[in-house]
Amino acid sequence: MPEKIKIDPEKFAYAVLQNHQIEGPDKERVAKESLSLYLQSYLLVNQFNQLEASQFKLNNDSDFKKMMLAINKNINGFY
C-alpha cells in the first residue's frame, strides 16, 4: 500500500518563492508578485493535501477494497 503524502504548505511556498526570480519596475510590484506566488503555492499544496487525504482514506476503506476486488475479478473473467 502506498504511503500517504503530505507536503508542508509553508515550506513548499517558501521553496517556490526562493527558486523563482521576480522582477518588476518597482519594489511594490515585486512584493505583490511575490505575495501572489507564495499564496498560490500555499493554496495549491493545501488542495493537494486534501485530495491526497481523501484518496488515501478511500483506498483504506474495506468496502472500497471489496469493490475493487469484485471489479478486478469481473474484468479478468473470474465471476
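Two residues are in contact when they have heavy atoms within 4.5 Å. Keep that idea in mind as you look through the views below, all of which come from a predicted model.

Figure 1. Let us begin with the overview. How much of the chain is buried? Of its 79 residues, 13% count as buried. The protein chain exposes about 6,700 Å², and carbon and sulfur atoms supply 56% of that area.

**Figure 2. Serine 41 is a buried residue of helix α2.** Helix α2 covers residues 27-60, and serine 41 has its place there. Is this serine buried or exposed? Serine 41 has a relative accessible area of 7%, and because buried means under 20%, it counts as buried. Now look at what surrounds the residue. Leaving aside residues up to four places away in sequence, serine 41 touches Phe12, Ala13 and Val16.

**Figure 3. Three leucines form a nonpolar patch on the surface.** The members of this patch are Leu35, Leu39 and Leu43. Together they have about 280 Å² of accessible area. Take Leu39 as an example: leucine 39 lies in helix α2. With a relative accessible area of 41%, leucine 39 is partly exposed.

**Figure 4. Lysine 32 and glutamate 28 meet in a salt bridge.** Side chains of opposite charge can pair when their charged atoms come close. Here the distance from N to O is 3.2 Å. Where do the two partners sit? Lysine 32 and glutamate 28 both belong to helix α2, and they are four residues apart, about one turn of the helix. Glutamate 28 is exposed, at 52% relative accessible area, whereas lysine 32 is partly exposed, at 49%. The cut-off explains the two labels: exposed means over 50%, so glutamate 28 at 52% counts as exposed.

**Figure 5. Glutamate 33 forms a salt bridge with arginine 29.** The structure holds two salt bridges, and this view shows the one between glutamate 33 and arginine 29. Their closest N and O atoms are 3.1 Å apart.

**Figure 6. Tyrosine rings link into a cluster.** Which residues take part? Ring pairs link Tyr14, Tyr38 and Tyr42. A search of the whole structure finds two aromatic pairs. A pair of aromatic rings is described by the distance of the centres and the angle of the planes.

**Figure 7. Glutamine 47 and proline 9 are 9.8 Å apart in space.** That distance runs from C-alpha to C-alpha. How many residues separate the two in sequence? Glutamine 47 and proline 9 are 38 residues apart in sequence. Glutamine 47 has its place in helix α2. At 53% relative accessibility, glutamine 47 counts as exposed.

Note on methods: Residues numbered from 1 in each chain as written. Predicted model: local features only at pLDDT ≥ 70, side-chain atom pairs only at ≥ 80, totals over all residues. Heavy atoms only, no water. Helix = DSSP H or I, 4+ residues; strand = E, 2+ residues; numbered from the N terminus. Buried < 20%, exposed > 50% of the residue type's maximum accessible area, 1.4 Å probe, protein only. Patch = residues over 30% accessible without salt bridge, like charges linked within 9 Å, V, L, I, M, F, W, Y side chains within 5 Å. Areas by Shrake-Rupley, 256 points an atom, 1.4 Å probe, with all protein chains shown as cover. Salt bridge = Lys/Arg side-chain N within 4 Å of Asp/Glu carboxyl O. Phe/Tyr/Trp six-rings, centres within 6.5 Å; stacked < 30°, edge-to-face > 60°.
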